[in-house]
Amino acid sequence: MCTNQGFKSLVPGEDVDSIYLYYCIRHLAPNLEALGNGATFKEVSKKVVENFKIPLPPLEEQKRIAAVLDKADALRRKRQQAIQLTDTLLKSVFLDMFGDPVTNPKGWEVCKLEDVAEIRSGITKGRKTKDKELVETPYMRVANVQDGFLNLDNIATIPATKSEVLKYLLKTEDILLTEGGDPDKLGRGAVWNDDIPDCIHQNHIFCVRLKEEAGFKAEYVRAVIGSPYGKRYFLRAAKQTTGIASINKSQLRNFPLLVTPIDIQMRFQEVIQKHKEDLDCQQGHLRKLDSLFASLSQRAFRGELTAKDEAA
């Protein structure tokens with residue numbers, strides 16, 4: 001294995017523990033990144049890296065710190081693996097219930113998404129709002145909509161008129177889909193469950209609202225769109241420039257949706273609900289472990305790591 005010119009490889013000397021150096025640089029990465037230069041993308045020079053100062057206690061203390069952080073990091077990785085395993089099992093359940101949409105072994109009929117759902121774009125930032133009465137309103141951004149779940153850690157607001165709020169207001173079981181980004185992220189979306197009152201969405205997110213009489217459940221539709229079958233469709237249909245791909249409303253309307261029995265969809269929705277409860281619990285544990293690791297790192301590189309930390 002070798003590296004190209006884009007790397008600054010650190011080769012520890014005899015008085016530096018490699019695991020300690022790894023966690024130290026990882027902890028101080030924001031400080032190092034702040035020293036980067038460049039218009040298109042930031043880069044740190046060899047000289048900057050060479051002159052970057054790090055805390056360097058005696059070798060035995062380095063090994064002690066490395067062991068404590070390694071133990072804490074291993075717990076985080078195990079929790080992350082458990083979350084990934086849960087997602088893998090969910091995909092397996094989908095295939096068991098509906099078959100692979102790519103080959104459609106169960107021979108389901110196909111309809112256009114527009115036949116069973118209303119599809120709309122959202123509110124645009126920077127539009128003209130002069131002399132209009134506005135209210136600060138929470139809204140979903142692309143960063144909030146992940147593949148199969150919503151990241152609600154950071155909710156932005158936007159000034160909107162009352163009519164705009166009514167027009168773009170999200171309702172339970174709306175499906176939110178991102179307009180574009182990296183080609184492998186096409187079809188990324190999640191189901192809205194009224195997590196935030198009076199919330200709207202931006203124009204780079206499509207809102208798919210299923211018609212009540214259509215006989216479809218939101219989690220099923222979201223799973224089909226986010227499956228390899230859905231990604232293949234969007235990759236063929238999307239406009240792609242310099243590694244960025246985007247879909248438009250027309251392409252989304254024409255998405256070929258497999259028509260499956262509503263009772264199977266409802267069972268799948270129940271599985272999804274249980275999965276989300278498990279996932280929330282797992283992610284809660286992971287956040288605690290992330291917080292613990294950050295706290296240990298802060299104390300470790302300030303020279304404040306205690307025997308109690310080591311025992312824990």
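The legends below describe an overall view and close-up views of a predicted model.

**View 1. The whole protein chain of the predicted model.** The chain has 312 residues, of which 39% count as buried (under 20% relative accessible area, with exposed over 50% and partly exposed in between; 1.4 Å probe, protein chains only). There are 10 helices and 12 strands; helices (H or I, at least four residues) and strands (E, at least two) are DSSP runs, numbered from the N terminus. The C-alpha trace spans about 70 × 55 × 40 Å along its principal axes. Among contacts (heavy atoms within 4.5 Å) between residues at least 6 apart in sequence, 78% join residues at least 24 apart.

**View 2. An open sheet of 4 strands.** The strand order is E2-E9-E5-E7, with antiparallel pairing; two strands pair if DSSP finds at least two bridges between them. Strand E2 (117-120) and strand E7 (189-191) are at the edges with a single partner strand each, so one side of each has no neighbour in the sheet. On average, neighbouring strands of this sheet are turned by 20° against each other, direction ignored. Axes are lines fitted to C-alpha atoms, for helices over the stretch in contact, and angles run from 0 to 180 degrees between N-to-C directions.

**View 3. The E2 and E9 pair, with helix H6 across the sheet strands E5, E7 and E9.** E2 and strand E9 (residues 205-210) run antiparallel and are joined by 4 bridges. Glu 118 has Arg 209 in E9 as its bridge partner. H6 lies across strand E5 (175-178), E7 and E9, and runs at about 170° to E7.

**View 4. Buried residues of helix H7.** In H7 (residues 228-237), the buried residues are Tyr 229, Gly 230, Lys 231, Tyr 233 and Phe 234. Their cover includes helix H6 (218-226), helix H8 (249-253) and strand E12 (256-259).

**View 5. Asn 144 in the loop between strands E3 and E4.** The loop lies between strand E3 (135-140) and strand E4 (156-160). Asn 144 counts as buried because its relative accessibility is 1%. A polar atom of the Asn 144 side chain lies 3.1 Å from the backbone oxygen of Asn 154. Leaving aside neighbours within four places in sequence, Asn 144 is in contact with Tyr 139, Phe 149, Leu 150, Asn 151, Asn 154 and Ile 155.

**Notes.** Residues are numbered from 1 along each chain as its sequence is written, and side-chain values use heavy atoms, leaving out hydrogens and water. In this predicted model, local features need pLDDT of at least 70 and side-chain atom pairs count only at pLDDT 80 or more, while totals for chains, interfaces and linings use all residues.

Methods: A polar contact is a pair of N or O atoms within 3.5 Å; within protein, one must be able to donate a hydrogen and the other to accept it, and residues adjacent in sequence count only if both atoms are side-chain atoms.
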